[in-house]
Amino acid sequence: LTSLDFNGANALTTLSCSFNQLTSLDFNGANALTTLSCSYNQLTSLDFNGANALTYIQCGFNPLTSLDVSNNNALTNLSCTDNQLTSLDLSNNTALTFLFCNRNQLTNLDIRNGNNEALFKFFAGENPNLTCIYVDDADYMNANWADYIDPASTFVENEAECEALSVEDNALELDVFIYPNPTDNYLFIEGNKNPVSISIYNLLGAEVIATSATDKINVSELSKGVYIIRIS
């Protein structure tokens with residue numbers, strides 16, 4: 001199949017059209033559609049206008065570059081793995097419980113829908129350019145889903161936290177280098193002088209680590225997140 005016309009299919013609730021040569025889908029007339037499986041086609045974009053009752057969407061293994069589900073408030077399951085998506089906004093999908101968006105080209109993922117604790121499955125790994133994942137509660141997501149994102153990805157709650165992150169090693173004055181950033185275990189400091197003292201603060205301003213006369217800091221006990229380092 002290369003095309004599908006839903007005009008007159010007002011009672012259709014379930015559609016499986018995977019493993020075809022579809023390049024587009026027009027859902028006008030599919031008002032009752034709740035379940036869609038359209039994986040393994042040639043779809044480059046999907047607009048679900050006219051299919052606002054969808055609760056289940058499986059659209060993996062397509063060359064999708066965009067996906068708009070902003071009007072699908074009843075959506076509970078979304079699987080869009082193995083596409084070319086660069087951005088995915090799920091902030092309107094308050095009923096979402098299953099999300100599989102791994103193996104894309106995401107640089108932006110927003111799931112601040114006010115109901116992240118309802119997630120039963122969450123996979124967002126193998127998106128090498130995804131630095132920030134916007135969530136309701138970073139601590140909760142770190143405690144439950146940190147193993148299902150890339151090491152370079154970080155759960156953040158707002159744009160300010162994302163801007164504070166850096167994927168580059170930080171070069172300071174006097175040829176002082178701090179690396180790697182992000183880090184999981186140790187933070188290394190190199191330069192032409194040993195630092196006299198080092199303090200690390202969380203975003204609330206509380207000092208969480210204080211040390212001196214060292215070029216290696218163990219940060220493995222810190223919760224994943226954004227921190228500020230002060231070197232004297």
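Tutor: Helices (H or I, at least four residues) and strands (E, at least two) are DSSP runs, numbered from the N terminus. This is a predicted model, where local features need pLDDT of at least 70, side-chain atom pairs count only at pLDDT 80 or more, and totals for chains, interfaces and linings use all residues. Residues are numbered from 1 along each chain as its sequence is written, and side-chain values use heavy atoms, with hydrogens and water left out.

Student: OK, where is proline 180 found?

Tutor: Look at the loop between strand E14 (176–179) and strand E15 (186–190). The peptide bond that leads from tyrosine 179 into proline 180 is cis, with omega near -15°. Proline 182 sits in the loop between E14 and E15 too, and the bond from asparagine 181 to proline 182 is cis, with omega near 5°.

Student: Which strands does E16 run antiparallel to?

Tutor: Two strands pair if DSSP finds at least two bridges between them. Here, E16 (residues 197–202) is joined to E17 (residues 207–212) by five bridges, and the two run antiparallel. Five bridges also link E16 to E19 (residues 227–231), again antiparallel.

Student: What is phi like at tyrosine 40?

Tutor: Positive, about 55°, although tyrosine 40 is not a glycine. You'll find tyrosine 40 in the loop between E2 (35–37) and E3 (45–47). Alanine 213, in the loop between E17 and E18 (216–218), also has a positive phi, near 50°.

Student: Is alanine 213 buried or exposed?

Tutor: Buried means under 20% relative accessible area, exposed over 50%, partly exposed in between (1.4 Å probe, protein chains only). Alanine 213 is exposed because its relative accessible area is 66%, whereas tyrosine 40, with 37%, is partly exposed.

Student: Which residues have the most contacts inside the largest nonpolar core?

Tutor: A core is a set of buried Ala, Val, Leu, Ile, Met, Phe, Trp, Tyr and Cys residues joined through side-chain atoms within 4.5 Å. The largest has 43 residues, and Phe27, Leu46, Leu67, Leu78, Leu88 and Phe122 have the most contacts inside it. Helix H1 (residues 138–145) gives this core its largest share, three residues. Another core, of nine residues, lies apart from it and includes Ile178, Ile198, Ile200 and Ile217.

Student: What does leucine 67 touch?

Tutor: Contact means heavy atoms within 4.5 Å. Leaving out residues up to four places away in sequence, leucine 67 touches Leu46, Phe48, Cys59, Leu78, Cys80, Leu85 and Leu88.
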